Structure formats: C-alpha cells, structure tokens
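Hello,

Here is the structure I promised to pass on to you. Please have a look at it, and then read my notes below.

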Amino acid sequence: MLSYEFYKVLHLLGLLLTFTGLAGIFMARWNSPELRKPVRSLGAIAHGVGLLFLLVSGFGLAARLGYMGGLPGWIYGKIGIWLLVGALMVLVKKRSDLGWVLYSLIVGAGFLAVLLAVNKPF
C-alpha cells in the first residue's frame, strides 16, 4: 500500500492539472471565440488527467485515513464538487460569454472542495 504522503502529493498534482486545464481553456475561449486545437487538446488532457488523479488519490487518502468501511458526508460532497468541475469543461467550451459567472463557479468549486477537505465538517 502506498503512503499517505504519496496520495496527498498526487491529489495536489491532480488539483493543479484540473484547474490549469480548465482555466487555460476558459481564458482562451474568453479571449477569442475560435479555440485552436493544440490549446483545446492540452487543456482537455490536463483537465481529464487531473480529475483521474483526484479520484484515485482521493480514494487512496480515504483508505489511508480508515474511511473505507463507510464514507463520511464530506467525501460525498467532494465527489459531487469534482463532478461539477468535470461538467464545467463543457460550459467553458460552449458558453464563454458567461465570463465572470463561470469564473466564479470554477473558483467557488475549488474553494468549497478545499474547505471540506480541511474542516471535514460531517
């Protein structure tokens, strides 16, 4: 079994990849209606690989913390947030005209996920 520290580093890497991919495509689409293929590809790959790292490392962290008998509510909350962040990619690609609303959703989702992880409220 891998160490807690390994899963934590992988989780943070996933967080970085997910949000840099999402923000990169968001900024490119907000700047120009035409999204070039290299930008779209790199952003989508970073976002997808980041979400995969978050999922794998998140369950690894839960196992290392002893939660695999039954998951607490805050973990379900984080899973819901990551589903939302995954779906935001579609909105970013299709509705860049929503600018500040999308940006607020992206930052708010990340903030809420961190808040749940740090405080573990329920």
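Let me start with Trp30, which is partly exposed at a relative accessible area of 36% (buried means under 20%, exposed over 50% and partly exposed in between, with a 1.4 Å probe and protein chains only). Please keep in mind that this is a predicted model, where local features need pLDDT of at least 70, side-chain atom pairs count only at pLDDT 80 or more, and totals for chains, interfaces and linings use all residues. Residues are numbered from 1 along each chain as its sequence is written, and side-chain values use heavy atoms, leaving out hydrogens and water.

The ring of Trp30 lies with its centre 5.2 Å from that of Phe26 and the planes at 40°, so this pair is tilted (ring centres of Phe, Tyr or Trp, the last by its six-membered ring, within 6.5 Å make a pair; planes under 30 degrees apart are stacked, over 60 edge-to-face, the rest tilted). Both residues sit in helix 1, four residues apart, and so about one helical turn separates them (helices are DSSP runs of H or I with at least four residues, numbered from the N terminus). Phe26, at 1% relative accessibility, is buried. Together with Trp100 and Tyr103, Phe26 and Trp30 form one aromatic cluster. Tyr103 belongs to helix 4 and is partly exposed at 33%.

The whole structure holds seven aromatic pairs. In one of them, Phe19 and Trp82 have ring centres 6.1 Å apart and planes at 65°, so they are edge-to-face. This pair joins helix 1 to helix 3 across 63 residues, and both Phe19 and Trp82 are buried.

Best wishes

Notes: Helices (H or I, at least four residues) and strands (E, at least two) are DSSP runs, numbered from the N terminus.
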